[in-house]
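I am opening a notebook on this structure. I will write down each thing as I look it up.

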Amino acid sequence: MRTLASEGFTDVVLLPLYAQYSKTNAGSSFNEWDRERLNQQTHFNERRVREYYKHPKYLSALNARIEEGLGRFDNPDKVFLLFSAHGTPVDMVERGDPYAQQIRETMELLMILRGHDRHFTLSFQSKVGPSNG
């Protein structure tokens, strides 16, 4: 941040590499940026990309990776797709954190793009429950 300011940059795009938004991923990154910007007393013209989970190019990139993976099987038509994402505590979801819904929507949009060509399901990893605190 100091380097950006000292070299005269005024425009910054904040692009966390999380396609789906959660307070715990992109939200946390934005909060850290804000804390540091205040600490350093700098100002930038900012554009924040909060999420891009349904952008056609993102979906196309995911689909290309699936196709690449399917190419490794002798019978790709018989492959079941298991989508896996990090879990979030139930209380965060109940308070409106959009991550889990955006994950579901990404999967559904991807399967629409694929013409629902095979069976699939979504799983959430990590042990989470009512609270993570």
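Is Glu68 buried, exposed or partly exposed? I looked up the relative accessibility of Glu68 and found 38%. Buried would need under 20% and exposed over 50%, so Glu68 counts as partly exposed.

**Entry: the model**

I note that this is a predicted model. I looked up the confidence for the chain. The mean pLDDT is 93. I also see that 95% of the residues reach 70 or more. Then I went through the elements. Helix 3 has the highest mean pLDDT, at 98. Helix 4, residues 90-94, has the lowest, at 87.

**Entry: helix 3**

I went back to Glu68 and asked where it sits. Glu68 belongs to helix 3, which covers residues 56-70. I checked a distance from there. Val90 lies 22 residues from Glu68 in sequence. In space, their C-alpha atoms are 34 Å apart.

Next I looked at helix 3 as a whole. It has 15 residues. From first C-alpha to last it reaches 21 Å, close to the 21 Å expected at 1.5 Å a residue.

Which residues of helix 3 are buried? I found Leu59, Asn63, Ile66 and Leu70. I then checked how they are placed around the axis. They cover an arc of only 55°, so they lie on the same side of helix 3. I turned to the face pointing away from that buried side. That face carries the exposed residues Lys57 and Arg65.

**Entry: salt bridges**

How many salt bridges does the structure hold? I read off 13. I followed three of them.

I looked up accessibility for both partners. Arg37 has 18%, so it counts as buried. Glu46 has 30% and is partly exposed.

Next I took Arg50 and Glu51. This salt bridge has its closest N and O atoms 3.1 Å apart. Arg50 is partly exposed, at 39%. Glu51 is partly exposed too, at 28%.

Then I took Glu105 and Lys54, whose side chains meet in a salt bridge at 3.8 Å, N to O. This pair links distant parts of the chain, 51 residues apart. Glu105 is in helix 5, residues 99-113. Lys54 is in the loop between strand 2 (45-48) and helix 3. I find Glu105 partly exposed, with a relative accessible area of 26%. Lys54 is partly exposed at 46%.

I also looked for shared partners.

**Entry: rings**

How many aromatic pairs does the structure hold? I find three. I looked up two of them.

Tyr52 is partly exposed, with a relative accessible area of 23%. Tyr58 is partly exposed at 22%.

Why is the pair of Phe83 and Phe120 edge-to-face? I checked the planes of the two rings and found them at 85°. Edge-to-face needs over 60 degrees, so the pair qualifies. The ring centres are 6.4 Å apart. This pair also links distant parts of the chain. Phe83 is in strand 3, residues 81-86, and Phe120 is in strand 4, residues 120-125. They are 37 residues apart. I looked up Phe83 and found it buried, at 17%.

One more ring went into the notebook. The charged end of Arg50 sits over the ring of Tyr21, 3.8 Å from its centre. Arg50 is also the salt-bridge partner of Glu51.

**Entry: positive phi**

Most residues other than glycine have a negative phi.

Phi of Gln41 is near 55°. I find Gln41 in the loop between helix 2 (26-40) and strand 2. Gln41 has 73% relative accessibility, so it counts as exposed.

Phi of His116 is near 45°. I find His116 in the loop between helix 5 and strand 4. His116 counts as partly exposed, at 44%.

How values were computed: Residues numbered from 1 in each chain as written. Predicted model: local features only at pLDDT ≥ 70, side-chain atom pairs only at ≥ 80, totals over all residues. Heavy atoms only, no water. Helix = DSSP H or I, 4+ residues; strand = E, 2+ residues; numbered from the N terminus. Buried < 20%, exposed > 50% of the residue type's maximum accessible area, 1.4 Å probe, protein only. Salt bridge = Lys/Arg side-chain N within 4 Å of Asp/Glu carboxyl O. pLDDT = per-residue confidence, 0-100. Phe/Tyr/Trp six-rings, centres within 6.5 Å; stacked < 30°, edge-to-face > 60°. Lys NZ or Arg CZ within 6 Å of the ring centre and 35° of its normal. Expected span 1.5 Å × (residues − 1). Arc of directions from axis to C-beta.
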